[in-house]
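Welcome! Let's walk through this structure together, one question at a time.

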Amino acid sequence: KQAEEAVHEREMRFQKMADSAPVLMWLADANKLCTWFNKPWLEFRGRTLEQELGNGWVDGVHPDDVSRCLTTYITSFNNKQPFSMEYRLCRQDGQYRWVLNNGIPCFSEMGAFTGYSGSCVDISELKTVEVALQESNKRLEALSTPLEELVEVRTAALLHSEDKLRALATDLSLAEQRVRKRLADEMHDHLAQLLALGRIKVGQVKRMSE
């Protein structure tokens, strides 16, 4: 009798703790059927415990997520492995909220598999942030291509300008050389005429040429 009372007391303590927890909690037996949900779960769903027991909780999973959710659930049960999955669960107001459901296998003191215990947290706000970040990344990617093309165009224009400047510098250098040569030729002809007229001497011509 004392042992029964001790077990009952532990169960009551667990019940109070679970009902005051800020997460949605559940238990399932070895046959994959849910046997218990805490008060926050039932308040979130707006349904009775009887409605959620067994596979009743599946009615609240978004139609697009049911197949993936059950596949993860059943596969994990068969392999007796922990699982973590995200899906949309219908709230009592009819709005679907993203939840993160974590489940762990339970075993008796003798090592026999007894089922699963799990908890869910509402991650809808995090999902909203994730979607916003994804949209921002898409916009950045959409902008990156035109920016890269603009940089390539500007770089090509700068290289073209540098080529034009080098060509202009070469032309100026050649023009300067031609002008110097023409001036030298004209001076030589002028000095030759002066020398022929006898207006200057040969020594003066050499000094002028230098």
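Buried means under 20% relative accessible area, exposed means over 50%, and partly exposed lies in between (1.4 Å probe, protein chains only). This is a predicted model, in which local features need pLDDT of at least 70 and side-chain atom pairs count only at pLDDT 80 or more, while totals for chains, interfaces and linings use all residues. Residues are numbered from 1 along each chain as its sequence is written, and side-chain values use heavy atoms, leaving out hydrogens and water.

Q: Is glutamate 52 buried or exposed?
A: The cut-off for buried is under 20% relative accessible area. Glutamate 52 has a relative accessible area of 0%, so it is buried.

Q: Which residue forms a salt bridge with glutamate 52?
A: A salt bridge needs a side-chain nitrogen of Lys or Arg within 4 Å of a carboxyl oxygen of Asp or Glu. Here the closest N and O atoms are 2.4 Å apart.

Q: Where is phenylalanine 37?
A: Helices (H or I, at least four residues) and strands (E, at least two) are DSSP runs, numbered from the N terminus. At 3% relative accessibility, phenylalanine 37 is buried. Contact means heavy atoms within 4.5 Å, and the residues that phenylalanine 37 touches, not counting those up to four places away in sequence, include Met25, Leu42 and Glu52. The place of phenylalanine 37 is strand β2 (residues 34-37).

Q: What kind of aromatic pair do phenylalanine 37 and tryptophan 41 form?
A: Rings of Phe, Tyr and Trp (its six-membered ring) pair if their centres lie within 6.5 Å, and planes under 30 degrees apart count as stacked, over 60 as edge-to-face and the rest as tilted. The whole structure holds eleven aromatic pairs. In this one, the centres are 4.7 Å apart with 35° between the planes, and the pair is tilted.

Q: How many residues does the largest nonpolar core have?
A: A nonpolar core is a set of buried Ala, Val, Leu, Ile, Met, Phe, Trp, Tyr and Cys residues joined through side-chain atoms within 4.5 Å. Those with the most contacts inside the largest one include Trp26, Trp41 and Leu89. β3 gives the most to this core, with four residues. The core's total is 22 residues.

Q: Which residue meets lysine 127 in a salt bridge?
A: Lysine 127 counts as buried, at 17% relative accessibility. The N to O distance is 2.8 Å, and the pair links strand β3 with helix α5 (residues 124-197), 41 residues apart. The partner is glutamate 86.
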